[in-house]
Amino acid sequence: MENKLEDFFSENKFDFQEPKSGHLERFEGKLNQPKKNSKTSWKWLSAAASVVLVLGFWLGSNHQKKQMDLADVSPKMEEVQNYFVSTIHQELKNLEKNRNLETEIIIEEALERLEELEDNYKTFVKELNIEGNSRQIISEMIQNYQQRLEILENVLIQLEQIKNPNLIKDEIYL
Amino acid sequence: METNQPHITNLIERCKKFDKNAQLLLYKAYYSAMYNTAHRILKDSFEAEDIMQEAFLTAFTKLASYKGEVAFGAWLKRIVINKSLTQLKKNNRYEEVKMEVIPNDTIDDEAIDYKDLNPKKVLNTLQNLKENYRVVLTLNLIEGYDYEEIAQILKYTNENVRTTISRAKKKLKQVLLAENTQIQAYGK
């Protein structure tokens with residue numbers, strides 16, 4: 001009968017663990033800490049973050065013209081930057097479409113890494129304005145864009161795998 | 001669900017006013033059960049403590065929304081379970097879930113002598129099952145949630161929960177039976 005297993009579990013206790021000593025003091029410490037605001041619904045925060053990110057690209061390509069950016073180096077570079085900005089923009093849109101509970105964490109992490117890279121990029125822009133047309137800085141800026149794209153592409157592959165685990169596996173075998 | 005004992009109700013009222021002593025007393029009353037619940041899901045003492053304490057802090061800040069429809073312990077436990085599962089997902093971000101084929105022969109429940117089973121060993125066996133089996137069986141057999149509640153907690157469909165639990169039970173019985181016969185063989 002199916003019920004024997006259930007009976008066994010309801011008749012016995014399964015609390016065998018005890019927290020490590022000092023847990024009460026550690027909890028008191030947490031209680032007395034001023035409340036971190038990390039609980040302010042990170043869904044909203046992340047949505048806001050991605051809006052800021054996308055906006056950042058637009059502002060980055062429009063507003064920063066006061067400052068010299070990659071696009072100001074040469075018409076070729078302008079093309080390069082436009083390509084990256086629009087592709088990243090597109091991929092971000094794809095990413096948002098895939099946002100759900102399962103993928104939340106992956107997407108968040110990717111967005112964080114993108115923001116880091118964006119910060120790095122800003123320092124390159126500053127350097128470019130100070131040092132003028134430097135080959136090294138320009139190639140680092142391009143690499144920076146490439147890295148952002150790579151992150152996005154990797155995440156999209158992962159998301160695809162989550163959505164459709166069998167499909168990807170089959171493809172490998174084919 | 002059982003209702004709260006009077007002194008718990010009293011503590012909850014004081015906690016709603018952020019009375020620190022009452023918060024500590026409530027912690028002392030429930031930490032052990034909550035810690036074990038988190039530990040069964042996370043299988044890690046450090047994470048279990050952290051999640052358990054986080055759950056208490058969340059509970060204290062959200063206490064106004066606790067209307068007493070269920071016992072406080074049950075309400076708190078849901079917070080612990082949700083947080084533990086979120087953490088578990090975080091830990092497994094890149095881990096691939098294996099599909100397992102379970103032979104379709106029915107397990108003869110009579111063959112397992114439940115009287116001889118040691119709860120600690122059974123828990124250990126359960127925890128060594130693959131993860132989704134482990135989680136559904138923990139929720140179903142130990143925490144006592146029904147299929148519908150588990151579907152809600154895990155955001156699975158009812159159908160999915162039913163099949164997963166029945167497969168998981170089958171698998172657990174298989175392993176228990178195998179272990180049991182092994183012990184008997186050694187005993188000879």
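Predicted model: local features only at pLDDT ≥ 70, side-chain atom pairs only at ≥ 80, totals over all residues.
Colleague: What secondary structure does chain A have?
Modeller: Chain A has 8 helices and 0 strands. Along the sequence, the pattern reads α-α-α-α-α-α-α-α.

Colleague: And how many helices and strands are there in chain B?
Modeller: Chain B has 8 helices and 0 strands. From the N terminus on, its elements run α-α-α-α-α-α-α-α.

Colleague: Let us turn to H6 of chain A. How many residues does H6(A) have, and what distance does it reach?
Modeller: H6(A) has 28 residues and reaches 40 Å from its first C-alpha to its last. That is close to the 40 Å expected at 1.5 Å a residue.

Colleague: Which residues in H6(A) are buried?
Modeller: The buried residues in H6(A) are A:Ile107, A:Ala110, A:Leu111, A:Leu114, A:Tyr121, A:Phe124 and A:Leu128.

Colleague: What follows H6(A)?
Modeller: A:Gly132 follows H6(A), and its phi is positive, near 75 degrees.

Colleague: At what angle do H6(A) and H7(A) pack?
Modeller: H6(A), residues 104-131, and H7(A), residues 135-163, pack at an angle of about 170 degrees, with their axes 9 Å apart. The two helices are therefore roughly antiparallel to each other, since angles over 145 degrees count as such.

Colleague: Which residues meet there?
Modeller: From H6(A), the residues include A:Ile106, A:Leu117, A:Tyr121, A:Phe124 and A:Glu131. From H7(A), they include A:Ile137, A:Met141, A:Arg148, A:Ile151 and A:Leu159. By class, this contact has 14 nonpolar, 4 polar and 5 charged residues.

Colleague: Now the contact between the chains. How many residues does each chain give?
Modeller: The contact takes 24 residues from chain A and 29 residues from chain B. On the side of chain A, the elements giving two or more residues are H1 (3-11), H2 (23-32) and H6. By class, that side has 12 nonpolar, 3 polar and 9 charged residues.

Colleague: How many residues are in the largest nonpolar core?
Modeller: The largest nonpolar core has 40 residues. Those with the most contacts inside it are B:Met34, B:Ala38, B:Met52, B:Ala55, B:Leu76, B:Val80 and B:Val136.

Colleague: Which elements give residues to this core?
Modeller: Among the elements giving two or more residues are H1 of chain A and, from chain B, H3 (45-61), H4 (72-91) and H8 (158-187). H2(B) gives the most, with 8 residues.

Colleague: Where is B:Lys43 placed?
Modeller: B:Lys43 is in the loop between H2 and H3 of chain B. Its phi is near 55 degrees, a positive value in a residue other than glycine. B:Lys43 counts as partly exposed because it has 16 C-beta neighbours inside 10 Å.

Colleague: And B:Lys155, which has a positive phi too: what is its value?
Modeller: The phi of B:Lys155 is near 60 degrees. B:Lys155 is in the loop between H7 (147-154) and H8 of chain B. With 11 C-beta neighbours inside 10 Å, B:Lys155 counts as exposed.

Terms used:
Residues numbered from 1 in each chain as written. Chains lettered and ligands numbered in written order. Axes fitted to C-alpha atoms, helices over the stretch in contact; angles between N-to-C directions. Helix = DSSP H or I, 4+ residues; strand = E, 2+ residues; numbered from the N terminus. Parallel < 35°, antiparallel > 145°, perpendicular 65-115°, else oblique. Contact = placed C-beta atoms within 7 Å. Nonpolar A, V, L, I, M, F, W, Y, C, P; charged D, E, K, R; others polar. Expected span 1.5 Å × (residues − 1). Buried ≥ 20, exposed ≤ 12 C-beta atoms within 10 Å, placed from the backbone. Core = buried A, V, L, I, M, F, W, Y, C linked by C-beta atoms within 7 Å.
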